[in-house]
Amino acid sequence: MNIYRDESNPLFQYVVGLGDDALILGHRWSEWLSKGPNLELDIAASNLALDLIGQANLLLEYAAEVEGAGRSADDLAYLRDTQDFRCHWLCEQPNEDWGVTIARMLMFSTYQYLRYSALMQSTDRQLAEIAAKALKEVTYHRRFAAEWTVRLAQGTDEGHRRVQNGFNILWRFVPELFETSGGERTLANDGIAVASDSLEADWRETMDEVMTKAGVSAPETSGRVMASRHNGHHSEHLGHLLCEMQFLQRAYPKASGATW
Amino acid sequence: MMAATNTRPESQPSSDKAAEIWAVLAGVLDPEVPAISVVDLGIVRGVMVSETGAVKLQVTPTYTGCPATALIHEIIKAAVISAGYFEVEIEQVLSPPWTTDWISQEGREKLRAYGIAPPVGEAAVGKALLFGVPPQVSCPKCGSNKTEQVSEFGSTACKAMYKCLSCAEPFEYFKCI
Ligand SMILES: [Zn+2]
């Protein structure tokens, strides 16, 4: 077991967290390939997946450099086990159907939009540059998700039911988005990171705007997950996802498996 | 209208050799949109040549996940080596992030002639809006403004799919970013 502790190399953990969110959500989007609701959306899914995996590549390359342990971005993506991942539970949840996928994308792209916007002011030049680049992409991801939330909810009863179901089952992962670890707080105080809890008010405002326009609502009682990504805790879904995503690298280590 | 084009760096090559390399790169076509060069596209951000002839190129990606990035680096390198500069290094730069505003005026005309509608207006307008309105794009085949967006995403990250309501042709639009 190689669980990163909060006090060890907080910048590495922070950047890995940013990269893992993009990587795992990008993989989830790639799962739609050849199964999209129609051809246009299949193509949209592959574009969204590419953007997110591109962001993950930049972030994990930087994380590997920060760690300075000789690991590459590939090693971080393909050779870590679940307990070493720092992605949010929201990103690793299964796609289920288009309604759940869209609800999750609205929730998470809104979060990424706010996080990258704030990170553009980071005193860490590398992080600020990656954030500025990624923000351009996340801006249209968020727009895509917002438009689809409204389109589904204002369309048929079935569409409304499915996107509302997405919010119903995913809302319990909201508190984790704003959980701020000690290491993150210290980095934020130094102007390097963005404290996750500082994003909550703006996030709720955007979600409220879109969900009101769509006519969907957050579930009244949602509870919350009592485990945290910061300690290496994840849902069982991440393990299944990694089985597929890491198969090539692990099955053919001598051929060095997959490279970016 | 295309005020941002002055942020493209090639107007002041640092030396005759650098100018020669810019000219070589002006002939290297984007593999995914082989109508325009990497210079027209605005992704070459700097050319430095040392006294010994070692070349350093600064190149910026269009999209973070653009699958053509590695290939573009290879063909750029090959072109510069073919021009007699054997020591070539490529540095990927992220800042300032690439924008379609950097596509040259000639590049826009080449795109249109190739059948791809060039980006409309400047990237800064309305990009952060939560609910977007697809831009008014004119048909590259017949020039009609009566067109509609079919899909915001297309065959490559940089393009959307449109169709013309006048001549009924489907076409691609190079999106603003
Ligand atoms: Zn036409």
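A:Ser34 sits in the loop between α1 and α2 (39–67) of chain A. Helices (H or I, at least four residues) and strands (E, at least two) are DSSP runs, numbered from the N terminus. This is a predicted model, in which local features need pLDDT of at least 70 and side-chain atom pairs count only at pLDDT 80 or more, while totals for chains, interfaces and linings use all residues. Residues are numbered from 1 along each chain as its sequence is written, chains are lettered from A and ligands numbered from 1 in the order in which they are written, and side-chain values use heavy atoms, with hydrogens and water left out.

**Backbone**

- Most residues other than glycine have a negative phi, and most peptide bonds are trans.
- A:Ser34 has a positive phi of about 75°, although it is not a glycine.
- A:Ser34 is exposed, at a relative accessible area of 67%.
- B:Ala168 is not a glycine either, yet its phi is positive, at about 70°.
- The loop between β6 (159–164) and β7 (170–174) of chain B holds B:Ala168. With a relative accessible area of 60%, B:Ala168 is exposed.
- The peptide bond from B:Ser95 to B:Pro96 is cis, with omega near -10°. B:Pro96 belongs to the loop between β3 (88–92) and α4 (105–114) of chain B.

**Aromatic pairs**

- The whole structure has 16 aromatic pairs over all chains. Rings of Phe, Tyr and Trp (its six-membered ring) pair if their centres lie within 6.5 Å; planes under 30 degrees apart count as stacked, over 60 as edge-to-face and the rest as tilted.
- A:Trp98 and A:Phe144 form an edge-to-face pair, because their ring planes stand at 90°, with centres 6.5 Å apart.
- This pair links distant parts of the chain: A:Trp98 is in helix α5 (residues 98–119) of chain A and A:Phe144 in helix α6 (residues 125–153) of chain A, 46 residues apart.
- A:Trp98 is buried, at 8% relative accessibility. A:Phe144 is buried too, at 5%.
- A:Phe178 and A:Trp203 have ring centres 5.5 Å apart and planes at 65°, so this pair is edge-to-face.
- A:Phe178 lies in the loop between α8 (174–177) and α9 (182–189) of chain A, and A:Trp203 in helix α10 (residues 200–214) of chain A, so the pair ties together parts 25 residues apart in sequence.
- A:Phe178 and A:Trp203 are both buried.
- Ring pairs join A:Trp29, A:Trp32, A:Trp98, A:Tyr140, A:Phe144, A:Trp148, B:Tyr63 and B:Phe153 into a cluster.

**Charges over rings**

- A:Lys213 lies over the face of B:Phe131, at 4.5 Å from the ring centre. The rule asks for NZ of Lys or CZ of Arg within 6 Å of the ring centre and within 35 degrees of the ring normal.
- B:Lys175 lies over the face of A:Tyr140, at 5.5 Å from the ring centre.

**Zinc site**

- B:Cys139, B:Cys142, B:Cys164 and B:Cys167 coordinate the zinc ion through their SG atoms, at 2.3 to 2.4 Å. Donors are N, O and S atoms within 2.8 Å of the metal (3.2 Å for Na, K and Ca); water is not among the atoms, so sites may look incomplete.
- The site is tetrahedral, with angles of 105 to 113° among its four donor atoms. Four donors count as tetrahedral if all angles lie between 85 and 135 degrees.
- Along the chain, the zinc donors follow the spacing C-x2-C-x21-C-x2-C.
- B:Cys139 is buried, at 3% relative accessibility, whereas B:Cys142 is partly exposed, at 43% relative accessible area.

**Cavities**

- There are three cavities of 30 Å³ or more. A cavity is a set of points, on a 1 Å grid over the protein atoms alone, where a 1.4 Å probe fits but cannot get out; lining residues have an atom within 4 Å of a point.
- The largest cavity has a volume of about 120 Å³. Grid points are joined across faces, edges and corners, and a volume is the space filled by probe spheres set on the points.
- Its lining has 14 residues, of which A:Gln13, A:Tyr14, A:Ser181, A:Glu184 and A:His230 lie nearest the centre of the largest cavity.
- α1(A) gives the most, with five residues.

Conventions: Buried < 20%, exposed > 50% of the residue type's maximum accessible area, 1.4 Å probe, protein only. Tetrahedral: all angles 85-135°; square planar, octahedral: opposite > 155°, others 65-115°. 1 Å grid on protein atoms, 1.4 Å probe; cavity = no way out; pocket = protein on both sides within 12 Å on 5 of 7 lines; lining within 4 Å.
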